[in-house]
Amino acid sequence: SDRSGLVVARTRDNDAWVGRPITPALKAALKERNQGTWEGPSHEGQPLLGGFARSEKTGWIAAVGVDRRQLASPAGESAN
């Protein structure tokens, strides 16, 4: 996202989310620190566990979230 917390690129439904705010859970984590992990729902309501980092130079944020249900399933099932 950009320094104001708006999505600039997304792997799922990119066109629907570009220009919209990041999730409240990620926004709350960014208020506390510039890098780390967060937990919370995706824009679609899926439970996520994610990591993020804010660039010191630009203020932009890189974040990656993984659906917690995939993390809890056996490795063979998550590849499907």
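Modeller: Gladly! This is a predicted model, in which local features need pLDDT of at least 70 and side-chain atom pairs count only at pLDDT 80 or more, while totals for chains, interfaces and linings use all residues. Residues are numbered from 1 along each chain as its sequence is written, and side-chain values use heavy atoms, with hydrogens and water left out.

Colleague: Is Phe52 buried or exposed?

Modeller: Buried means under 20% relative accessible area, exposed over 50%, and partly exposed in between (1.4 Å probe, protein chains only). Phe52 has a relative accessible area of 5%, so the answer is buried.

Colleague: What relative accessible area does Trp38 have?

Modeller: Trp38 is also a buried residue. Its relative accessible area is 7%.

Colleague: Where is Asp67?

Modeller: Helices (H or I, at least four residues) and strands (E, at least two) are DSSP runs, numbered from the N terminus. Asp67 belongs to residues 61-67, which form strand β3.

Colleague: Which residues is Asp67 in contact with, leaving aside neighbours within four places in sequence?

Modeller: Contact means heavy atoms within 4.5 Å. With those neighbours set aside, the partners of Asp67 are Gln46, Pro47 and Leu48.

Colleague: And which side chain does a polar contact of 2.7 Å join to that of Asp67?

Modeller: A polar contact is a pair of N or O atoms within 3.5 Å; within protein, one must be able to donate a hydrogen and the other to accept it, and residues adjacent in sequence count only if both atoms are side-chain atoms. At 2.7 Å, the partner of Asp67 is Arg69.
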